[in-house]
Amino acid sequence: MNRQKVHQFNMLSEVTLFLVLFPQVTHFKQYPPNTTKLYSYFECRNRKDEFKETVFFGLQYILKKYLSGPVVTEEKIQQAKQIYELHLKLPIFEEGWRYILKKHNGHLPIQIKAVPEGSIIPRGNVLFTVENTDPKCFWLTSYIETILVQIWYPITVATISRKFKKTLASYLMSTSGSLEGLEFKLHDFGYRGVSSQESAALGGAAHLINFHSTDTVAGLIMAKEYYSCPMAGFSIPAAEHSTIISWGRDGEKKAFENLLDQFPTTPISIVSDSYDVFHACKQIWGHDLKHQVQQRTKDTMLVIRPDSGDPAKTVIQILRILEEVFGSTVNCKFYKLLPSYIRLIQGDGIDLHSVGEILKKLKDEMWSTENVSFGCGGALLQKLNRDTLNCSFKCSYIEQDGKGLDVYKQPVTDPSKNSKKGQLSLRRNSDGNIETIESGQGQPEEDLLVTVFKDGKILKEYTFEEVRENAKLQEVEPLAFMRNGKDLMNGGC
């Protein structure tokens with residue numbers, strides 16, 4: 001794929017790198033005299049909420065897109081100098097960058113160590129560290145904070161998506177005895193609701209770590225270009241309200257029939273609530289077009305999509321109607337299952353809370369999770385912010401005149417914002433738990449942090465399959481149901 005296509009989701013051109021990303025332009029004047037090193041770290045602070053762990057993802061994109069190679073040029077220096085002198089009315093920009101241009105050929109003298117992408121890390125632990133490699137460029141560590149901290153977005157989306165996956169896996173296992181189809185149980189509907197093309201790319205790819213189902217094509221492009229994945233996700237033909245109501249209210253049956261005729265060899269999702277979803281399911285699907293529906297198979301199934309009303313109540317009522325007209329069987333766990341040629345996808349009002357509520361009600365009424373998949377938009381890609389996981393970038397170590405000093409913040413008004421001290425490492429302790437070691441006390445051979453970037457070069461890359469492998473659900477997690485000593489996650493019914 002050529003670069004022109006990739007740029008469709010890039011909001012910032014290379015020439016603007018030093019113009020709009022970094023508000024720390026005056027900080028080099030604020031550090032103690034004779035400072036030669038700044039060392040900072042990034043974490044998702046530990047808070048008492050529903051997210052106990054995070055999925056680390058997105059740093060490789062930022063490094064490749066914005067920081068690797070000769071990113072400092074004379075053209076950028078002059079452009080940035082003009083902008084900042086007008087903006088701040090101070091001639092403070094030029095000297096440090098010209099030094100980097102001459103001394104390092106425009107490459108950033110920075111070292112970044114990070115956990116492998118896709119790693120599942122408990123909240124409150126270091127995720128990556130940043131330090132300068134040239135004493136004259138100590139200020140660069142904090143200068144690139146803004147662009148690096150934007151990793152909060154793909155981390156948060158990946159973490160939310162994985163939380164969905166754990167909930168879906170739990171109910172799928174308990175109502176079917178299998179995790180078959182789990183990767184297609186949550187479809188990304190969020191493309192049109194995000195803030196930008198770049199958000200769609202980052203958020204869409206973050207979701208695809210956990211699932212293989214998406215309509216956010218920008219995420220597919222990002223995974224291909226930056227994580228070497230030829231095709232990270234899939235979709236099926238799907239109707240929207242305009243393709244139904246354009247036939248007129250009296251033409252709803254014809255609209256449905258046309259879609260079945262147009263896509264005979266693939267599953268198709270058809271929104272069915274343009275007027276009366278219950279009438280559509282009982283009369284049109286269950287009577288007028290019943291024969292056509294029954295001619296379809298598991299590989300060409302009809303997926304009915306309700307898109308209004310109370311999600312849990314609507315799904316239950318539709319399942320009852322479809323059972324009445326098409327029948328049902330029970331699986332090996334004794335939960336009801338519609339014929340393989342018909343399923344539901346609920347894409348309205350879906351978030352972590354509503355999915356759990358719907359699945360619980362389905363289980364209470366003895367319906368298998370196999371009958372239903374979900375689509376999620378805003379709650380997956382947009383209804384979140386940097387404070388969702390309390391993402392933070394803090395300085396923890398400084399050197400002056402060759403002497404090191406551990407530094408930290410400890411606000412009396414909010415102990416939850418206490419920061420870590422000194423140079424950090426991450427290890428798995430004797431109990432198997434991940435923990436951060438402060439003040440340079442860690443052992444290098446135990447450190448889980450990997451040097452991924454140094455002096456303008458990316459030293460370690462991850463493929464999307466490696467990211468998925470690191471983020472996969474583990475048997476030790478709560479979803480591994482046991483019955484009579486049998487591991488249902490591995491053994492099924």
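Predicted model: local features only at pLDDT ≥ 70, side-chain atom pairs only at ≥ 80, totals over all residues.
**Exercise 1. Two domains**

Task: State which residues form domain 1 and domain 2, and describe how the two domains meet.

Solution. 
1. The domain assignment places residues 11-153 and 390-472 in domain 1, and residues 157-382 in domain 2.
2. Between the C-alpha centres of the two domains the distance is 40 Å.
3. On the side of domain 1, 24 residues are in contact, and they touch 28 residues of domain 2.
4. About 2,400 Å² is buried between domain 1 and domain 2, and carbon and sulfur atoms give 61% of this area.

**Exercise 2. Helices α3 and α10**

Task: Find the angle between α3 and α10 and the distance between their axes, then classify their relative orientation.

Solution. 
1. Helix α3 covers residues 59-67, and helix α10 covers residues 217-227.
2. Their axes are 10 Å apart, at an angle of about 70 degrees.
3. Angles of 65 to 115 degrees count as roughly perpendicular, so α3 is roughly perpendicular to α10.
4. From α3, the contact takes Leu59, Gln60, Tyr61, Lys64 and Lys65; from α10, it takes Met222, Glu225, Tyr226 and Tyr227.
5. Sorted by class, the residues of this contact are five nonpolar, one polar and three charged.

**Exercise 3. Helices α8 and α16**

Task: Are α8 and α16 roughly parallel or roughly perpendicular to each other? List the residues through which they meet.

Solution. 
1. Helix α8 spans residues 152-176, and helix α16 spans residues 352-364.
2. The angle between α8 and α16 is about 5 degrees, and their axes lie 10 Å apart.
3. An angle under 35 degrees counts as roughly parallel, and therefore α8 and α16 are roughly parallel to each other.
4. Helix α8 contributes Ile160, Lys163, Phe164, Thr167, Leu168, Tyr171, Ser174 and Thr175, which meet Leu352, Val355, Gly356, Leu359, Lys360 and Lys363 of α16.
5. The contact of α8 with α16 holds seven nonpolar, four polar and three charged residues.

**Exercise 4. Helices α15 and α16**

Solution. 
1. Pro311, Ala312, Val315, Ile316 and Leu319 of α15 make the contact with Glu357, Ile358, Lys361 and Leu362 of α16.
2. Seven nonpolar and two charged residues take part in the contact of α15 with α16, and no polar ones.

Definitions and conventions. Residues numbered from 1 in each chain as written. Heavy atoms only, no water. Axes fitted to C-alpha atoms, helices over the stretch in contact; angles between N-to-C directions. Helix = DSSP H or I, 4+ residues; strand = E, 2+ residues; numbered from the N terminus. Parallel < 35°, antiparallel > 145°, perpendicular 65-115°, else oblique. Contact = heavy atoms within 4.5 Å. Nonpolar A, V, L, I, M, F, W, Y, C, P; charged D, E, K, R; others polar. Domains from an automatic or database assignment. Buried area = accessible area lost by both parts, 1.4 Å probe.
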